[in-house]
Amino acid sequence: MNGLIIFGLLVALMLTGMPVSISLGLTVLTFIFAFTDVPVASVALKLFTGIEKFEIMAIPFFILAGNFLTHGGVARRMINFAAAMVGHWYGGLGLAGVLACALFAAVSGSSPATVVAIGSILLPAMVKAGFPPKFGAGVITTSGALGILIPPSIVMVMYSVSTNTSLGALFMAGVIPGLALAGFLGFTTWWRARKYNYPRQPKASWAVRLRTLRESLWGLMLIVVVMGGIYTGLFTPTEAAAMSAVYAFIIAVFVYKDLGLKDVPRVLLASANMSAMLLYIITNAVLFSFVLANEQIPQHLADWLVGMGLGPIAFLLVCNVLLLVAGNFMEPSSIVLIMAPILFPVAVKLGIDPVHFGILIVVNMEVGMCHPPVGLNLYVASGIAKMGITELTIAVWPWLLTMLVFLVLVTYWPAMSLWLPRMMGMV
């Protein structure tokens with residue numbers, strides 16, 4: 001009964017148009033005041049202790065690194081390298097977009113940042129080369145979603161904080177699914193380009209390929225710094241985030257010199273704004289999880305679902321439907337922080353690996369970012385492509401369908417997510 005009251009309050013507040021973070025906080029306070037004997041002082045204490053986790057520090061650092069790279073010309077060099085490698089195939093610039101998004105995802109950790117960085121350069125170039133605007137917008141909107149699956153990923157940090165799952169294992173688990181999804185999206189791009197005979201670039205010589213690789217190498221080295229450091233045990237994911245922020249600052253300001261020292265305060269301010277917004281959501285979500293745990297709602301739900309005889313296959317299907325529906329109304333950070341603590345105990349009880357379950361949630365979040373009404377990537381891409389949301393929704397459907405097929409594959413083939421972290425002895 002208490003569970004229904006909590007969720008009823010949350011839905012009612014969200015329907016008023018109130019931001020999710022404030023809805024969460026007000027739900028908690030209302031419920032504690034009206035239905036429990038929990039002292040209000042414990043709420044204030046929980047607000048502070050909730051964001052004391054070491055892993056949360058990774059979020060502002062990854063945001064800062066992503067902002068330095070977005071403003072620092074790294075994306076343009078990655079696009080040049082990708083175009084030199086695959087530009088001569090059918091839909092060459094579209095394929096270059098998928099490859100550039102995958103590379104930029106491996107250094108930014110954010111989907112909207114990937115869409116902005118790659119889309120703002122590549123979409124005008126694709127239209128100029130003779131591609132229909134819808135094709136380019138569809139490619140970039142969906143490929144940008146790789147930003148939260150290919151590590152480092154801010155959404156993975158959120159899941160790790162919510163469920164106490166190893167962040168290093170999650171990062172490693174995202175590598176193979178991330179590359180596989182890039183392959184799936186690349187195939188869809190190539191197939192549609194071949195079907196409609198879209199333009200191809202002249203084949204680049206090996207000299208050009210090597211030159212573009214050399215130019216983009218400083219940006220690509222960030223992948224080695226982050227993943228290599230975590231894999232070798234040189235530093236934790238949080239320390240890797242701090243290293244990536246320092247490294248991104250150095251290459252943007254002193255190596256590529258696309259960003260002057262006078263521009264740094266602007267980047268710092270934009271990063272602080274985004275970090276504050278996410279940390280505010282996290283603190284309220286931590287309060288929400290505290291109330292749920294206090295009322296033992298996740299445990300009751302787990303017992304009920306297990307008692308119904310719901311096996312792992314049916315449970316994962318229910319999870320996918322729930323998360324896809326939630327993706328219609330909320331952005332990924334909020335969904336992970338609200339849903340993960342509720343669904344996670346059930347998954348553990350049914351013997352589902354926590355790391356595999358985390359990757360499943362992340363892929364669901366990717367799909368949610370590419371469809372209306374709340375899909376962040378859609379809004380970002382519509383601004384860049386100067387297209388309406390309805391028009392863009394029609395444009396992305398072939399790639400969205402591809403992502404749904406991939407979601408089924410990730411859901412029921414755990415080895416795809418778990419092989420790499422198992423080989424490294426992380427799970």
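Reply: Helix 4 (residues 58–71) gives the largest share of the lining of the largest cavity, four residues. Helices here are DSSP runs of H or I, at least four residues, numbered from the N terminus. A cavity is a set of points on a 1 Å grid over the protein atoms alone where a 1.4 Å probe fits but cannot get out; lining residues have an atom within 4 Å of a point. The model is predicted: local features need pLDDT of at least 70, side-chain atom pairs count only at pLDDT 80 or more, and totals for chains, interfaces and linings use all residues. Residues are numbered from 1 along each chain as its sequence is written, and side-chain values use heavy atoms, with hydrogens and water left out.

The structure holds one cavity of 30 Å³ or more. The largest cavity has about 40 Å³ of space; volume is the space filled by probe spheres set on the points, which are joined across faces, edges and corners. Its lining consists of Phe-62, Ile-63, Gly-66, Asn-67, Ser-108, Ser-110, Ala-113, Ile-154 and Met-274.

Next, the packing. The largest nonpolar core has 149 residues. Such a core is a set of buried Ala, Val, Leu, Ile, Met, Phe, Trp, Tyr and Cys residues joined through side-chain atoms within 4.5 Å. Buried means under 20% relative accessible area, with a 1.4 Å probe and protein chains only. Ile-118, Phe-315, Phe-357 and Ile-361 touch the most other members. Helix 6 (residues 92–108) gives the most to this core, with 12 residues.

Not counting residues up to four places away in sequence, Phe-357 touches Tyr-159, Phe-315, Leu-316, Cys-319, Leu-343, Phe-344, Ala-347 and Ile-352. Contact means heavy atoms within 4.5 Å.

Two of those neighbours, Tyr-159 and Phe-344, form an aromatic pair. Ring centres of Phe, Tyr or Trp (its six-membered ring) must lie within 6.5 Å to pair; planes over 60 degrees apart count as edge-to-face, under 30 as stacked and the rest as tilted. This pair is edge-to-face, at 6.3 Å centre to centre and 75 degrees between the planes. Tyr-159 lies in helix 9 (residues 154–163) and Phe-344 in helix 17 (residues 332–349), so the pair ties together parts 185 residues apart in sequence. Tyr-159 is buried, with a relative accessible area of 1%. Phe-344 counts as buried at 16%.

Helix 17 also holds Val-336. Val-336 is buried, at 1% relative accessible area. Its contacts, leaving out residues up to four places away in sequence, are Val-155, Met-158, Tyr-159, Ser-162, Pro-341, Ile-361 and Met-365. Ser-334 is found in helix 17 too. Ser-334 is buried, with 2% relative accessibility. Outside four places in sequence, Ser-334 is in contact with Val-20 and Ile-281.

Back to the rings. The count comes to 14 aromatic pairs. One of them, Phe-135 with Trp-399, is edge-to-face: 5.6 Å centre to centre, 65 degrees between the planes. Phe-135 sits in helix 8 (residues 133–143) and Trp-399 in helix 20 (residues 389–412), 264 residues apart. Both Phe-135 and Trp-399 are buried. Phe-131, Phe-135, Tyr-196, Tyr-198 and Trp-399 form one aromatic cluster.

Charges also sit over rings. The rule needs NZ of Lys or CZ of Arg within 6 Å of the ring centre and within 35 degrees of the ring normal. Arg-77 lies over the face of Tyr-256, 3.8 Å from the ring centre. The charged end of Arg-209 sits over the ring of Trp-206, 4.6 Å from its centre.

Key. Buried means under 20% relative accessible area, exposed over 50%, partly exposed in between (1.4 Å probe, protein chains only). Helices (H or I, at least four residues) and strands (E, at least two) are DSSP runs, numbered from the N terminus. On a 1 Å grid over the protein atoms alone, a cavity is a set of points where a 1.4 Å probe fits but cannot get out, and a pocket is an open set with protein on both sides within 12 Å along at least five of seven lines; lining residues have an atom within 4 Å of a point.
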